[in-house]
Amino acid sequence: MKTRVHINPKYESKYGDFVRRLANEGMPSRAESLYSGRNHIYKIPIGEEAVNVKSFRRPSVFNSLVYTNFRKSKARRSYENALYLIAHDLPTPAPIAWIEKKSGGRLSESYYICEQSPYENNLRIWEKWDEATRDKVLYKYARLMVKIHEAGVWHHDLSPGNILWTDTADDDIKFHIVDLNRMTLLNRPLNTKERFSNFRNINLVSAETARLARHYADAVGMSPDKAEQLAVKTLADDRKRKERLHKIKKIIKMFHVKR
């Protein structure tokens with residue numbers, strides 16, 4: 001198996017030995033699993049610090065050929081996208097390294113390593129907020145969305161679980177953008193269609209999506225009514241699309257059972 005390791009020069013002295021051990025020996029026993037699904041996310045203590053390791057699932061034969069010959073791995077894209085965000089003053093945990101392992105000439109494993117975010121909240125818990133907190137977080141998040149879009153970042157999975165946040169001592173809100181491999185970096189600000197495509201990922205109820213859209217409109221100087229209409233329609237259209245896909249999958253499943 002051939003292993004390729006790239007370490008951010010800023011963190012070579014601090015994390016270089018750890019990254020190389022991870023590449024050679026695999027996940028250490030002290031790793032704490034934070035998420036297990038298509039991909040796996042681990043928190044690993046290193047002295048008084050902690051790093052976050054995202055282990056991407058083994059790609060299919062076809063995808064492994066694509067990543068080997070035509071496209072950068074998800075781990076490498078995550079790392080490079082993080083550098084782009086930081087260069088454009090957008091908040092994300094500091095990128096430390098990426099690792100790729102190839103077997104038989106094809107990509108088999110890849111890892112993205114970054115600093116562990118100290119922010120424990122995400123936008124999924126919006127229903128638990130009181131009215132004042134809800135409006136404050138959505139107001140601040142709308143302005144973060146504007147910064148993302150103005151920087152030419154089209155994040156294709158800007159969903160609630162991928163935006164971490166915390167209250168600060170001066171009653172402000174700070175964010176971290178995570179899950180960075182599904183991004184398109186443009187050399188221009190996003191157009192209106194691209195901007196409002198992100199509202200399909202927010203997964204708030206229509207009323208809260210409308211509230212977020214009106215805050216967004218205020219930040220960019222567009223009609224609040226128009227922004228609300230576009231955002232709510234985008235959310236509704238996406239939910240209808242998902243419902244159609246769910247029905248199609250059920251029909252296919254029933255057909256296979258009957259056979």
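N191 is partly exposed in this predicted model, with a relative accessibility of 37%. N191 sits in the loop that runs between β11 (183-185) and α5 (192-197). Its C-alpha lies 8.5 Å from that of H149. In sequence, N191 and H149 are 42 residues apart.

Two packed helices are described by the angle between their axes and the distance between the axes. The crossing of α4 and α6 is right-handed.

Most residues other than glycine have a negative phi. D89, however, has a positive phi of about 60°. D89 is located in the loop between α3 (74-87) and β5 (95-103). At 59% relative accessible area, D89 is exposed. D179 also has a positive phi, near 60°. This residue lies in the loop between β10 (173-177) and β11. D179 is partly exposed, with 25% relative accessibility.

A nonpolar patch on the surface is formed by L245, I248 and I252. Together, these residues have about 260 Å² of accessible area. L245 is part of helix α7 (residues 224-258). The relative accessible area of L245 is 39%, so L245 counts as partly exposed.

Conventions. Residues are numbered from 1 along each chain as its sequence is written. This is a predicted model: local features need pLDDT of at least 70, side-chain atom pairs count only at pLDDT 80 or more; totals for chains, interfaces and linings use all residues. Side-chain values use heavy atoms; hydrogens and water are left out. Patches are made of residues with over 30% relative accessible area and no salt bridge: like charges are joined within 9 Å, nonpolar side chains (Val, Leu, Ile, Met, Phe, Trp, Tyr) within 5 Å. Accessible areas come from the Shrake-Rupley method with a 1.4 Å probe; for residues, only the protein chains shown count as cover. A salt bridge is a side-chain nitrogen of Lys or Arg within 4 Å of a carboxyl oxygen of Asp or Glu. Helices (H or I, at least four residues) and strands (E, at least two) are DSSP runs, numbered from the N terminus. Buried means under 20% relative accessible area, exposed over 50%, partly exposed in between (1.4 Å probe, protein chains only). A crossing is left-handed if the near helix is turned anticlockwise from the far one by less than a right angle, and right-handed if clockwise.
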